[in-house]
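Subject: Structure for you to look at

Hello,

Here is the structure I said I would pass on. Please open it beside this message and follow the notes below.

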Amino acid sequence: MAGLELLSDQGYRVDGRRAGELRKIQARMGVFAQADGSAYIEQGNTKALAVVYGPHEMRGSRSRALPDRALVNCQYSMATFSTGERKRRPHGDRKACEMGLQLRQTFEAAILTQLYPRSQIDIYVQVLQADGGNYAACVNAATLAVLDAGIPMRDFVCACSAGFVDGTALADLSHVEEAAGGPQVALALLPASGQLALLEMDARLHEDHLQQVLEAASQAARDVHALLDRVVRQHVREAALLLGD
Amino acid sequence: MASVALSEAEKVYIVHGVQEDLRVDGRGCEDYRCAEVETDVVSNTSGSARVKLGHTDILVGVKAEMGTPKLERPDEGYLEFFVDCSANATPEFEGRGGDDLGTEIANALYRIFNNRGSIDLTSLCISPREHCWILYVDVLLLECGGNLFDAISIAVKAALFNTSIPKVRVLEDEEGSKDIELSDDPYDCIRLNVENVPCIITLSKIGYRHVVDATLQEEACSLASLLVSVTSKGVLTCLRKVGKGSLDPESIFEMMETGKRVGKVLHASLQTILQKEENLGPKRQKVGFLG
Amino acid sequence: MLKSKTFLKKTRAGGVLKIVREHYLRDDIGCGASGCAECCRTQEGPALEPRPRDPESSLCPQPHYLLPDTNVLLHQIDILEDPIIRNVIVLQTVLQEVRNLSAPVYKRIRDVTSDLSKHFYTFTNEHHRDTYVEQEQGENANDRNDRAIRVAAKWYNEHMKKITADDNHPQVIFITNDIKNKEKAIEEGIPAYTCEEYIKSLTANPELVDRLACLSDEGNEIESQKVIFPEHLPLSKLQQGIKSGVYLQGTFRASRENYLEATVWVHGDDEENREIILQGLRNLNRAVHEDIVAVELLPKSQWVAPSSVVLQDEGQNGDDVEDEEEKENTLKTAINEKMLRPSGRVVGIIKRNWRPFCGMLSKSDIKESRRHLFTPADKRIPRIRIETRQASTLEGQRIIVAIDGWPKNSRYPNGHFVKNLGAVGDKETETEVLLLEHDVPHQPFSRAVLSFLPKMPWSITEEDMKNREDLRHLCICSVDPPKCTDIDDALHCRELENGNLEVGVHIADVSHFIRPGNALDQESAKRGTTVYLCEKRIDMVPELLSSNLCSLRSNVDRLAFSCIWEMNHNAEILKTRFTKSAINSKASLTYAEAQMRIDSATMNDDITTSLRGLNKLAKILKRRRIDAGALILSSPEVRFHVDSETHDPIDLQTKELRETNSMVEEFMLLANVSVAKKIHEEFCEHALLRKHPAPPPSNYEVLVKAAKAKNLDFKTDSAKALADSLDRVESPDFPYLNTLFRILATRCMMQAVYFCSGMDNDFHHYGLASPIYTHFTSPIRRYADIIVHRLLAVAIGADSTYPDLTNKHKLADLCKNLNFRHKMAQYAQRASVAFHTQLFFKNKGIVNEEAYVLFVRKNAIVVLIPKYGLEGTVFFEEKDKPKPRLAYNEEMPSLKVEDTEFHVFDKVKVKVTLDSSNLQHQKIRMSLIEPQIPGVSGPTDSTTLNTDEPEKKRSKLEN
């Protein structure tokens, strides 16, 4: 059996998208009542939840408190049923720890942590269904959750992945495209300034192509921003209506 | 929040209310909160369900995987339970913080669901001693607003109802070597019979009375509670006392009776909802977390 | 950007994993007809013509497009490739199915689709909002796909109605050979025909009918219904049987001599039963040469011995088997217990390896018959029954035929006519035949491949100069054979300020133009090497690159990959450096011109000084290499002088070797060794290297025996010992003896091969006496060099890597193909020389020449005519003639014919004639004249022999 053709001669990807197109994105803020902020996002079949607690006083050892800013604490976990083959543990493995760390770096860059010295902000993300671009979905969900919690940020953080096949950059890779093993870039963008909060690349990719892939990922992240912005405005409008009553 | 701290006055207020059959949120002692059930919410599982009971939010995914039957039961498949008390529910569960509670709930689930009485385990057997289906029932606790056991049992039952297992055939040639063939028709699958799958009813002793479906606040006022598992026919299959207080034998019987009564009603309404969803077929608009 | 799409999911249960994939449906996919108002999209790439001007069809007079289903595409690709067939809609569903079923057909259809003049359009129906269908309950995947194809056909027809106002709107005609599917389509109002119906309706082009593949539908059979062959078992049964050891899997190898016999080479490491012999039509059971088959071993009581009978299939159309049985009985002679071999029968075919076959038509005796037998040039392929109306035109022509199937009630496989190559004996035709038979890809480069060529006019840009040194100021020159247009190497040598010498080898930077993974790269990788025939060159890369942009011609700027050494005057390397560069060669010289410059004392320009320096160093390098044990071997190389008008060879000439030849060679070897070290150092797991294994001692037996006969003591325990022994061969009265010994030594050698360093641990190159070696210096004509260039470029940071380059399994597969292509190129080259030799002797008539005995066989001697470098076999046993007394002495070896004894290296005189008794297999025949043996030799002898083709196979040492 021949391997999968990631990009047809007619320019369509396995799922019917063109190279630069995102998957269908749907999101909702304020999913849970008890948390300070929460959000849910679907990017195609990748589904993620994010919950924010805080800013609150330090939990556990106070020695970890930072004198000048808030501590951002992140945990990334994946539901055991989220992947094709069942996972044995939802979190605690190396990959999950790494993701948690990356999230933390991403959001330390975006949240105005200096406003809350000696306190802690918890961001917990949970992948319910994984179909590629897990990191990006988590970042996007977390952005909405942080906004929902009312924690001031410099800017949205919008993330998207991109890959490179046959000389063409593909935006927002699905699981099949990721599994094919080509190079992939994950990128988190602060859209207003155009700054990158996170950049990660797996597999080898020639420098000359990097520009093209980065460009595709950034464009995709800007598209994500437009969508997230719409979700936030919608949410605020609804909340205002409720308050108005 | 797995638990809340209440002041003495708050407790007195709740206990007195229960005495009068009038609970803080306006319910009677045998009333359930409004429950939302939706099945098939995670498309890459064999079956899934989300249950929202007040602020308690549970997501259950069932994955069918092929394995070998256990030695002592060669012609049966079996179920595996895992409960993930995620940090989503409360920061206390971060890291390994939720493991104890998770194990406790999983153990209860094993006892209640993984037996021939509740599910026809022989239907999960593909070829005796060699292949069977293992159903991994993974419970994800997303938000905790009291009465975890009941909500989880409802979600498990709904997810099992929703589960479809691909049909496989064992091909055997003259030499006796076996090959497993999967049907290429995606509609060709086995559904489970969940008629005898019980639900858990937790009866919390508050003062001299007991209530069903206690909220977090009510749980804080309760010293001991009784966990009963009841089938749709009102048969009691399991009984367990939980909590740090003690119960007198008389009230246990009283609570059992209440459990049976409430359980039957609960089963009936759950069955109606599930059947209604099933009848809508693939045209059903899925809401999930977006609604 | 997404809102216009409906969202659907496709669930696939593979294994026990439930996999969910998204499947987006779009509303922006055009119908492919250029200028369609409804789709209002500018069409990129191939498109359908808005008003198809199709060949006249009596069935559908309206303008129309064709929409074939999967099986039509798979089996009738020959028809679809015909230039007459245009305006075809290829559905994505169909294309995907073809892709999974047959990679070669998929590639062909993609080539056709990319040809703009064919107007083939690929319609992405699976993602179109109106043509996507979901698998329904109780429907299998095949039925769903058939339905999807019909839905798309229906949509097209309605779409066409919508966009054209008048009644004469183009129709979309569904072509399927599946009767049920056709009926369903007609029910749904889709015009549908079978491929046969449609092609036959093209009244203006009756010749197309011949190219139809005949697919025998059960019940549609006109053949005798008698079942001749046992049924083939289904694949699943075969796999189970192979697993349990009841059946054995192997490659079917038909016998050249006997059409009723074949062997199966069993796959696997089992030493026992490696080779299974099959005899008789029923046991061969429709397997064709090179098929992968499953065989069942017969009980020992039914084992047979390989027969020594030569049998050619001469039967006519008939399907009678009685005849065959009689013949089969003749095989069962010589029953000697010891000769019995494991025997078996074919129970099923695991994989067919059918390709189009070259051959000639054997016209049916019945005049009106349309069914004829086709006799392939390769004797291992059975005759094929084809249907054609042009039998009389095809007679005496070389044609190509493809096999379509072999039903169990047919004596011969059924096939269809593909192409007429031309008249037999015609030079063009014969060249085409030998290319096809040696599987040398020689089609013109496809559009897709050419699209990756640089745009002309080309010049070096700023971008190109990144990571590149400018060496245009250096006095670089190239030295090649005359009329060479693909110059891949150039050299320079200059004195440095410190008194040392700087020597540079500059190789065409082909990997700059051929980027990994694109169509151009894939095609080059497939071709593997440029094939040089006597008067034709089959390029590995398109001419623009091979003869222009990559060719390091003089006085133009070219990109190169340079290997630069600093050496002292003793030719010891002090420093080695690799860099991508830009050069400007100052002169393209021939070997003779270069030699002349070096020799003439009056010339003292830069180029000449450079050449002298190189020559001096090369001599030292060569001496050192020979001291280390490198072999200098010899093979009789000849060139044809070709008549400029008729292109017939008029004379032969052995290649002359000059000092400058070995000067260039020396530096190429040095560069190859330096590069091999470098890439192996950098990529110890996936360097592409070349090795030459030491031959097993038994290979040298012939040589040692021959030496003994000449009173020489030959040591062969190491390359060094062999080289020394060869050097000692000297005979004042027989100056050619040394060359003969070297020719013989060449035949003892193993084949040098490419390999991936991570898959092997023996790197030694025996012939060159080098611990490590690779090919770096000829990237224009060898693909291995391109890979080596890429590896080296990555090693020095001049270029990027890609996944396949660092995948040792991929690399090992590539090596396998390259080794195969090189072997085939060599065979093709020899076949070309043989053909030209035949032409030469055809024109020259009968000649008598001096020759030397190379080998002595049981009933023949193999001789070499040094004048022509021609080798041939002189048989002493002939059909219809009394057999002479033969006494063969294996020890010597010698052969006594009557009273004359022949030894290796004896001088004889032979008569050379051309035997044209078999049109398809002409050959050079040699017979003995001197020494005279009564009844065997003699100039009067002129009866035709039915000898076999002289043994042409020889292992030639290639560095």
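Along its sequence, chain A runs in the pattern β-β-β-β-α-β-α-β-β-α-β-β-α. That gives 4 helices and 9 strands for chain A. Please keep in mind that this is a predicted model.

How much of chain A is buried? Of its 245 residues, 53% are buried. I also looked at contacts in chain A between residues at least 6 apart in sequence: 69% of these contacts link residues that are at least 24 apart.

The rest of my notes concern a sheet in chain C. The sheet is open and has 5 strands, in the order E10-E9-E8-E11-E12, and the pairing is antiparallel. Which strands of chain C are at the edges? They are E10, residues 275-279, and E12, residues 344-351, and each of them pairs on one side only. From one strand to the next, the twist averages 40°.

Strand E9 of chain C, residues 261-266, pairs with E10(C) in the antiparallel sense over 5 bridges.

Regards

Key
Residues are numbered from 1 along each chain as its sequence is written. Chains are lettered from A and ligands numbered from 1 in the order in which they are written. This is a predicted model: local features need pLDDT of at least 70, side-chain atom pairs count only at pLDDT 80 or more; totals for chains, interfaces and linings use all residues. Helices (H or I, at least four residues) and strands (E, at least two) are DSSP runs, numbered from the N terminus. A residue is buried if 20 or more other C-beta atoms lie within 10 Å of its own, exposed if 12 or fewer, and partly exposed in between; C-beta atoms are placed from the backbone. Two residues are in contact if their C-beta atoms, placed from the backbone, lie within 7 Å. Two strands pair if DSSP finds at least two bridges between them. Axes are lines fitted to C-alpha atoms, for helices over the stretch in contact, and angles run from 0 to 180 degrees between N-to-C directions.
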